[in-house]
Amino acid sequence: MVSPLRGRPDIALVRGPETRGAMASMPLPPLGLLYVASALEAAGVRVVVVDAPGEGLDQAAFLDRVRMVGAPVIGLSGMTPMRDRIARDVALVRPLARKIVLGGVHATRFREAALEEFPDVDALVVGEGEEPAVALMEWWAQANRGAPPPGVLVRGQPFTPATPPPCLDDLAWPARHLVPHARYRYLFQTRPRFTTMISSRGCPFRCTFCDKTVSGGGWRARSAGDVVDELEWCQRTLGIGSVCMFDDNFTLRRKRVVSICEEILRRGLDIEWKCEARVDGVNPELARLMAAAGCRTVAFGVESANQSSLDELRKDQRVDQAEAALAACTAAGIETVAYVLVGIPGEGPKESLETLRFAQRSGVDFIQFSTLSPFPGTELYEQAQREGWFRETSVRNPADAEERRATLVPPGWTEAELGRTLRKMYGGFYLRPGYLAKQAIRARRSGTLPMRARLGFEVARWYLRNGAA
Ligand code: B12
Ligand code: SF4
């Protein structure tokens with residue numbers, strides 16, 4: 001249980017309940033809020049985090065808890081596809097707080113429009129939130145004297161962007177002591193106790209569909225020493241056995257990955273970890289070292305097995321690199337995940353099925369197939385608007401992750417065809433007798449049956465909800 005704070009806290013950072021899907025049954029730590037919480041604590045601000053998914057709270061229990069905490073300021077976070085959830089949570093907590101601040105991707109992208117969209121929100125924190133959140137609390141404590149601090153947007157006041165922290169080693173680690181860290185779980189976890197980390201921020205690549213609103217196109221990385229210090233602390237102090245690195249581009253600098261792995265080995269840490277990488281980021285030698293240092297899973301943005309589609313998305317990667325990266329990891333004993341897109345402009349169902357065939361022979365362990373979703377601020381969004389590719393919709397929240405409905409219908413596709421192709425790809429990949437037999441054997445040999453059963457359950461749930469092909 002989360003330790004109670006003596007006296008009333010100055011701010012409660014809150015995440016309302018998840019209602020459906022894997023996020024509800026397998027909550028992940030609210031990493032952004034925990035970074036903000038640490039910065040506030042370091043500045044002497046008294047913080048409580050109320051994480052409904054982590055604490056297993058339904059709406060009524062969540063409200064009770066926020067009321068009991070009684071903080072005068074409430075902070076929330078949110079992504080654009082979750083804007084309905086942001087609206088719900090703001091409405092719920094409004095009567096309980098004197099001030100409400102919203103940070104995260106949606107606030108950062110939409111700025112003034114987000115203030116209009118959520119009239120009950122008093123201030124937005126735009127971009128990385130550690131310093132602006134501290135400065136905002138001071139500004140409010142001083143009765144709003146002078147202009148709002150950099151990174152803080154308030155109605156009718158001048159706005160100055162904040163400079164993101166240049167040295168990430170200077171940031172305090174996420175405040176895991178403020179949440180029930182033992183309750184978080186992850187689909188790919190095979191050991192007890194899980195957490196998430198981020199060892200670098202930003203990504204210099206220019207993929208047309210990728211939203212880099214918060215951390216931008218610069219890449220800032222923590223030193224290997226600081227990353228492994230945090231891993232070691234998680235293992236030795238919290239008993240964490242499994243970590244997911246949520247970096248956009250963990251393997252961008254190979255030398256840094258090598259240093260991280262060598263340091264893990266030198267300290268004798270026994271912790272499994274997963275990271276996300278570009279297909280040009282991993283070679284056989286690095287894969288072997290990563291495996292030795294506890295890397296269990298690598299997820300790659302494969303996207304498509306058609307070079308023209310990769311070029312269309314400006315991925316700056318080749319199909320043969322995907323093949324090589326998947327093979328290098330498999331040979332090193334690392335399980336692989338591929339993210340694959342359906343509905344890339346220029347591709348039709350025929351090309352998608354070519355990608356499926358590539359996936360089937362590549363030896364990749366798990367695939368997440370998604371329809372391409374354009375987020376405001378991305379090049380793809382501009383292109384989709386120009387070309388009229390958006391699906392007609394009356395839904396306020398067309399990119400809702402839970403609905404999994406196509407938002408972009410490029411030439412050559414209908415919405416029904418996109419859905420049919422997605423189902424065909426899921427079925428064609430997961431329902432192969434050879435694949436199922438291989439997974440069963442691996443599960444028995446490596447004691448990973450619970451993890452595979454969880455994954456199987458999630459895929460089956462998606463498949464059944466969306467109907468058989
Ligand atoms: C990890 C991650 C996830 C995890 C979330 C885990 C979790 N609970 O935190 C998982 C895998 C579950 C996930 C799912 C989805 N994700 Co995601 N995810 C990311 C990723 C890779 C990193 C986020 C992160 O942890 N960053 C590190 C922390 C430190 O940064 P941060 O959260 O932004 O927080 C900082 C600031 O934003 C700010 N801040 C944030 N909140 C607050 C609150 C206050 C009060 C203040 C003051 C400041 C503040 O301060 C923080 C510290 O600097 C980002 C890519 C990216 N680089 O942002 C995509 C990203 C956020 N995801 C995205 C999307 C689309 C999704 C999905 C909708 C995908 C889908 N279709 O299913 C789902 C939604 C699931 C859901 N129900 O919420 C998009 C969002 C686009 C948009 N415009 O909203 C991104 C940007 C990916 C992309 N490049 O397009 N995601
Ligand atoms: S998709 Fe990956 S490689 Fe491309 S810009 Fe986004 S984070 Fe970088």
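**Reading the model**

Mentor: Start with one residue: Ile 100 is found in strand 4 (strands, E, of at least two residues, and helices, H or I, of at least four, are DSSP runs numbered from the N terminus). This is a predicted model, in which local features need pLDDT of at least 70 and side-chain atom pairs count only at pLDDT 80 or more, while totals for chains, interfaces and linings use all residues. Residues are numbered from 1 along each chain as its sequence is written, and chains are lettered from A and ligands numbered from 1 in the order in which they are written.

Trainee: Is Ile 100 buried or exposed?

Mentor: A residue is buried if 20 or more other C-beta atoms lie within 10 Å of its own, exposed if 12 or fewer, and partly exposed in between, with C-beta atoms placed from the backbone. Ile 100 counts as buried because it has 20 C-beta neighbours inside 10 Å. Of the 469 residues of the protein, 42% count as buried.

Trainee: Which residues does Ile 100 touch?

Mentor: Two residues are in contact if their C-beta atoms, placed from the backbone, lie within 7 Å. Leaving out residues up to four places away in sequence, Ile 100 touches Ile 74, Val 90, Val 93, Arg 94, Asp 120, Val 121 and Asp 122.

Trainee: Which residues touch the most other members of the largest nonpolar core?

Mentor: A nonpolar core is a set of buried Ala, Val, Leu, Ile, Met, Phe, Trp, Tyr and Cys residues joined through C-beta atoms within 7 Å. In the largest one, of 69 residues, they are Val 243 and Phe 300. Apart from it lies another core of 50 residues, including Ala 52 and Val 126.

Trainee: Which domains does the protein have?

Mentor: Domain bounds come from an automatic or database domain assignment. Here the assignment gives domain 1 (11–154) and domain 2 (185–465), with C-alpha centres 28 Å apart.

Trainee: Which residues come nearest to ligand 1?

Mentor: A residue is near a molecule if its C-beta atom, placed from the backbone, lies within 6 Å of it. Of the 36 residues around ligand 1, Gly 32, Gly 75, Ser 77, Gly 103 and Gly 129 come nearest. Helix 2 gives the most to this shell, with 5 residues. Domain 1 and domain 2 each supply at least three residues to the shell.
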